[in-house]
Amino acid sequence: MAFMVKSMVGGQLKNLTGGLGGEEKSEGEKSPAEAQGMTREEYEEYQRQLVEEKMERDAQFAQRKAERATVRSHFREKYRLPKNETDDNQIQLVGGDVELPKELAKMIEQDNEEEEEKNSVIGQLSNIQNLDLDSLKDKASATLEDLKQSAEKCSVM
C-alpha cells in the first residue's frame, strides 16, 4: 500500500517540481565535455591548450611590464629621481635582463642625442636669445675664407 501511495503522490509531486530531485540525467546535468560536444580526451586536451595559452600571455605581459619598468628606471637615473622598488621587482621577475623594444630604444637614443646636442657649445649658443646662428655661421665662414686668402698672400708663409 505504501508503494501505491508513493507512486501516485510521487508522480504528481515530480510534475509540480519539474523533477528537481530526480536521479535521471537531463540535458542540464551533462559533463562539461558532453556539453561542448567533445569526448573526454578532446576536452582535456582543449583545457591543456587553454592553460598553455594563458601561461604564454602572462609571460608576454610580464615581459612588457618589465620593458616599461626599464624605461622608467632609465629616466629616473637620467633625471636623478629616486628609484622605485616595484620597477626593480618587475625587472627581476622576468630574469633581470630586459631588452627594450626597438621603438623605445630609438626614443631613448634620440633623447640622448638631443641631450648631447644641448650640452655642446652650439647647443648652448642656440639657447641664448636674440642670437642668429645662421648669420654667425656665415660670418665665421667668411672670416675663414679671408684668413685663407691672406695666408696665400703672405710672403712669410
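Residues are numbered from 1 along each chain as its sequence is written, and side-chain values use heavy atoms, with hydrogens and water left out. Because the model is predicted, local features need pLDDT of at least 70 and side-chain atom pairs count only at pLDDT 80 or more, while totals for chains, interfaces and linings use all residues.

## Salt bridges

A salt bridge is a side-chain nitrogen of Lys or Arg within 4 Å of a carboxyl oxygen of Asp or Glu. The whole structure holds 7 salt bridges.

Helices are named here as DSSP runs (H or I, at least four residues; strands are E, at least two), numbered from the N terminus.

Arginine 76 lies in helix H3 and aspartate 87 in helix H4, so the pair ties together parts that are 11 residues apart in sequence. Arginine 76 counts as buried, at 19% relative accessibility. Aspartate 87 is buried too, at 3%. A network of salt bridges links Arg72, Arg76 and Asp87.

Aspartate 111 is buried, with a relative accessible area of 18%. Lysine 78 is partly exposed, at 21%.

Glutamate 44 and arginine 40 pair within helix H3. They are 4 residues apart, or about one helical turn. Glutamate 44 is partly exposed at 37% relative accessibility. Arginine 40 is exposed at 61%.

## A buried charge without a bridge

Glutamate 67 is in helix H3 (residues 40-78). Glutamate 67 is buried yet has no salt bridge. Which side chain of opposite charge is nearest to glutamate 67? It is arginine 64, 6.0 Å away. For charge, Lys and Arg count as positive and Asp and Glu as negative; His and the chain ends are not counted. Leaving aside neighbours within four places in sequence, glutamate 67 is in contact (heavy atoms within 4.5 Å) with Val98, Glu99, Leu100 and Pro101.

## The aromatic pair

Rings of Phe, Tyr and Trp (its six-membered ring) pair if their centres lie within 6.5 Å; planes under 30 degrees apart count as stacked, over 60 as edge-to-face and the rest as tilted. By this rule there is 1 aromatic pair. The ring centres of phenylalanine 75 and tyrosine 79 are 6.4 Å apart and their planes lie at 15°, so the pair is stacked. Phenylalanine 75 is partly exposed, with a relative accessible area of 27%. Tyrosine 79 is also partly exposed, at 47%.

## A positive phi

Arginine 80 is not a glycine, yet has a positive phi of about 55°. Arginine 80 is in the loop between H3 and helix H4 (85-94). Its relative accessible area is 75%, and arginine 80 is exposed.

Conventions. Buried < 20%, exposed > 50% of the residue type's maximum accessible area, 1.4 Å probe, protein only.
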